[in-house]
Amino acid sequence: MIDKPAIGAPCNGCGLCCLTRVCGAGSFALGLVDRYGERVDGPCPALEAEGATFVCGLVKRPKYYLPRNPRGPTVLREAFKILIGAGIGCDEAGDEPDDTAMPKLENVQRDFARRYTRQQIEKAMKAAYDVDA
């Protein structure tokens, strides 16, 4: 397993976040919870090994995990990239103490809010879950 990057640094595919807990997007899409935003302990059933790293199966092969979703794979792939915050930066605190991790995680959340509009997020949720945000 490769080392986890610092909070906010680009994802390196270490997989720690998805091994530890299933994200809110995945938990809901995979039917592991009843309400969006709830999470369950990992590992995520959609976490896929790719050599020495890991990738999100909901992004890589969305129709494999969501065969009944009427949207095509490209639409689902783009929706889940938004919903999991792909490209925003690492948001797994790991063993970092809360007093230093929280400000860094808040920066990651601000970066997400700057990158995506509410309309983009609502469109992604509609595509992924067929629900209104």
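Predicted model: local features only at pLDDT ≥ 70, side-chain atom pairs only at ≥ 80, totals over all residues.
Exposed here means over 50% relative accessible area and buried under 20%, with partly exposed in between.

## Helix H6

Helix H6 covers residues 98–115, 18 residues in total. From the first C-alpha to the last, H6 reaches 25 Å, close to the 26 Å expected at 1.5 Å a residue. Which residues of H6 are buried? They are Ala101, Leu105 and Val108. Viewed down the axis of H6, these buried residues fall within an arc of 55°, so they line one face of the helix. Turn to the other side of H6 and you will find Asp99, Ala113 and Arg114, which are exposed.

## Salt bridges

Side chains of opposite charge can pair when their charged atoms come close. How many salt bridges does a search of the whole structure find? The search finds eight.

| Pair | Closest N and O atoms | Accessibility of each residue |
|---|---|---|
| Glu38 and Arg35 | 2.7 Å | Glu38 28%, Arg35 57% |
| Lys60 and Glu50 | 2.9 Å | Lys60 37%, Glu50 38% |
| Glu78 and Lys81 | 3.3 Å | Glu78 40%, Lys81 30% |

Next comes the salt bridge between Lys60 and Glu50. Lys60 belongs to helix H3 (residues 57–60) and Glu50 to strand E3 (residues 47–50), so this pair ties together parts that are ten residues apart in sequence. Lys60 counts as partly exposed at 37% relative accessibility, and Glu50 is partly exposed at 38%.

The salt bridge of Glu78 with Lys81 sits within one helix: the two residues are three apart in helix H5 (residues 73–83), which means that about one helical turn separates them. Glu78 counts as partly exposed, at 40% relative accessibility, and Lys81 is partly exposed as well, with a relative accessible area of 30%.

Finally, some charged residues join up beyond a simple pair.

Definitions and conventions:
Residues numbered from 1 in each chain as written. Heavy atoms only, no water. Helix = DSSP H or I, 4+ residues; strand = E, 2+ residues; numbered from the N terminus. Expected span 1.5 Å × (residues − 1). Buried < 20%, exposed > 50% of the residue type's maximum accessible area, 1.4 Å probe, protein only. Arc of directions from axis to C-beta. Salt bridge = Lys/Arg side-chain N within 4 Å of Asp/Glu carboxyl O.
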